[in-house]
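This report describes the architecture of one protein for a reader who is new to structural work. Please keep the sequence and the structure in view while reading.

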Amino acid sequence: LSPPPPLKMGFSFLSLVKPFMAIIPEIEQPQKKVPFKEKLLWTSITLFIYLICCQVPLYGVSNTKSSDPLYFMRVVLAASNRGTLMELGISPIVTSGLIMQLLAGARIVSVDQSVKEERELFAGAQKLFGMLICIIEAVVYVASGMYGDLSVLGWGNAILIVTQLFVAGMVVMLLDELLQKGYGLGSGISLFIATNICETIVWQAFSPTTINIGRGLEFEGAVINMFHLLVTRQDKFRALREALFRPDLPNISNLLATVLVFAVVIYFQGFRVDLPVKSNRVRGQQGSYPIKLFYTSNIPIILQTALVSNLYFLSQLLYKRYPTNLFVNLFGRWHANRGTAQVYPVGGLAYYISRPTSFADAIADPLRTVFYLVFILAACGLFSKFWIEISGSSARDVAKQLKDQQMTLKGHRETAVVKELNRYIPTAAAFGGMCIGLLTILADFLGAIGSGTGILLAVTIIYQYFEIFAKEGNDQSGLMFFQ
């Protein structure tokens with residue numbers, strides 16, 4: 001008798017998801033190609049639902065003045081305003097996706113994306129993880145006193161808040177799946193991130209709200225404030241200087257830095273190498289395979305932000321509970337700043353991986369600055385290289401795709417395609433990831449509105465949508481829409 005075949009531990013793990021597949025909500029694949037105008041309609045509806053949920057307050061909350069553990073990821077991960085249905089935002093989706101991709105990359109979970117059943121089980125497992133993370137984060141938020149002391153809230157309100165956050169998290173997952181299944185354009189995650197960041201930029205540029213931080217009433221919006229100062233002040237030069245460089249509130253130099261970063265990122269988007277390919281089936285048929293500098297797009301910075309944000313979240317919870325523990329202090333020390341309840345890292349690992357708020361802070365603590373630079377560049381480069389291996393975009397995967405399409409690199413034998421692609425793809429992934437990290441640091445130090453990470457995400461996502469619109473524009477329905 002022959003010995004039994006070895007067990008596939010990864011597939012066994014995915015098999016555990018099978019009993020839950022019947023209760024996990026899912027969007028069906030479209031039965032036919034969705035017209036461009038219909039995609040645009042569904043994308044608009046998705047965005048409208050998201051924006052409405054961003055404004056609907058949680059019912060049963062008694063206090064939102066305490067420190068916000070999601071403060072440092074709120075702009076980047078589209079978690080929106082505190083105390084709303086979108087409190088968790090896309091963080092459960094991003095975190096569950098990160099966990100599943102790490103498990104797949106480490107071969108702890110083996111999945112063959114070419115097999116429909118395994119692909120569906122993997123997607124179901126990712127969604128199930130997202131649901132669990134929704135519940136865990138919601139319970140932790142309520143138990144930590146984010147919405148008021150538990151004894152004041154009562155168990156009824158506490159359960160109601162957790163239920164609201166869980167249902168809202170499920171809505172976000174389904175909206176994202178709706179677009180990714182082909183009913184809309186792009187993905188819900190990208191759409192929500194870009195919308196949130198652009199909303200922040202527009203608000204801080206044109207907000208008519210007045211604020212008093214000790215210098216009298218000022219307009220929050222940088223542009224509105226500049227015109228107000230130029231009209232009301234006698235000394236126009238001093239008024240312009242104040243509009244350009246006022247501290248603690250958005251100013252014109254911040255807005256100019258944001259525009260500069262937008263232009264630089266769009267410029268770098270055009271950097272690519274076109275490898276000539278030819279068909280093995282049709283004689284004379286040729287084309288090119290583009291390898292962009294930003295080969296993995298904004299994935300490195302999303303993964304790096306998700307990692308840092310979860311470290312911040314864990315560090316704050318531990319420090320609040322065990323402020324005198326040595327290991328907790330090494331992980332991160334947190335203190336409130338500027339007379340507010342919001343806490344900021346002042347020591348430990350959390351402090352050294354956080355960005356200096358200005359050039360003055362960077363010069364005052366050079367060790368922190370150097371550590372932050374090395375951490376961002378290394379994390380983005382490594383995440384980028386790691387991502388190509390687990391996302392099916394490595395040299396080996398691209399060579400297989402070309403072979404399946406009966407294409408090969410011009411001037412190279414089929415056996416040498418992987419070697420030739422390895423000259424470009426790993427380098428483009430690592431160097432492109434480091435460039436994304438460097439541009440993020442540049443945006444932070446220049447004082448771009450929001451954060452460097454947020455600006456980079458917004459620009460790359462908007463550029464992706466531009467490419468999607470250009471591609472869809474080749475369809476006659478898309479052309480008719482714009483006529």
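## Terms and overview

A residue is called buried when its relative accessible area is under 20%, and exposed when that area is over 50%. The model discussed here is predicted.

The protein has 483 residues, of which 46% count as buried. Its secondary structure comprises 19 helices and seven strands. Among contacts between residues at least 6 apart in sequence, 65% join residues at least 24 apart.

Helix H2 covers residues 36-55, which makes 20 residues. From its first C-alpha to its last, H2 reaches 29 Å, close to the 28 Å expected at 1.5 Å a residue. Which residues of H2 are buried? They are Phe36, Lys39, Leu40, Thr43, Thr46, Tyr50, Cys53 and Cys54. These residues lie on the same side of H2 because they cover an arc of only 155° around the axis. Phe48 and Gln55, on the other side of H2, are exposed.

The loop between helix H1 (9-15) and H2 contains Lys32. With a relative accessible area of 68%, Lys32 is exposed. Lys32 and Gly182 are 150 residues apart in sequence, yet their C-alpha atoms are 9.9 Å apart in space.

## Cysteines

A disulfide is a covalent bond between the sulfur atoms of two cysteines. How many disulfides does a search of the whole structure find? The search finds zero. Cys54, for instance, is in no disulfide, and the nearest cysteine sulfur, that of Cys53, is 7.2 Å away. The cut-off for a disulfide is a pair of cysteine sulfur atoms within 2.5 Å.

Are Cys54 and Cys380 buried or exposed? Cys54 has a relative accessibility of 5% and therefore counts as buried. Cys380 is also buried, because its relative accessible area is 0%.

## Helix H7 and its neighbours

Helix H7 spans residues 222-232, and Ala222, Val223, Asn225, Met226 and Leu229 are buried in it. They are on the same side of H7, because they cover an arc of only 160° around the axis. What do the buried residues of H7 pack against? Their partners are helix H6 (188-206), strand E2 (217-219), helix H8 (236-245) and helix H9 (252-269).

## The end of helix H4

Ala143 belongs to helix H4, which runs over residues 116-143. Ala143 has a relative accessible area of 57% and so is exposed. Ala143 and Ala158 are 15 residues apart along the chain, and 8.4 Å separates their C-alpha atoms.

## Helix H15

Helix H15 covers residues 395-404, and its buried residues are Ala395, Val398, Ala399 and Leu402. Seen down the axis of H15, these residues fall within an arc of 100°, so they line one face of the helix. The face turned away from this buried side carries Lys400 and Asp404, which are exposed.

The buried residues of H15 pack against both strands and helices. The strands are E3 (272-279), E4 (286-292) and E7 (407-409), while the helices are H16 (417-421) and H17 (425-446). Just after H15, Gln406 takes a positive phi of about 55°.

## Strands E3, E4 and E7

The strands that H15 packs against include E3, which pairs with E4 in the antiparallel sense over seven bridges.

Ser279 stands opposite Met407 in E7.

Key:
Residues are numbered from 1 along each chain as its sequence is written. This is a predicted model: local features need pLDDT of at least 70, side-chain atom pairs count only at pLDDT 80 or more; totals for chains, interfaces and linings use all residues. Side-chain values use heavy atoms; hydrogens and water are left out. Helices (H or I, at least four residues) and strands (E, at least two) are DSSP runs, numbered from the N terminus. The expected span of a helix is 1.5 Å times one less than its number of residues. Buried means under 20% relative accessible area, exposed over 50%, partly exposed in between (1.4 Å probe, protein chains only). The arc is that of the directions from the helix axis to the C-beta atoms. Contact means heavy atoms within 4.5 Å. Two strands pair if DSSP finds at least two bridges between them.
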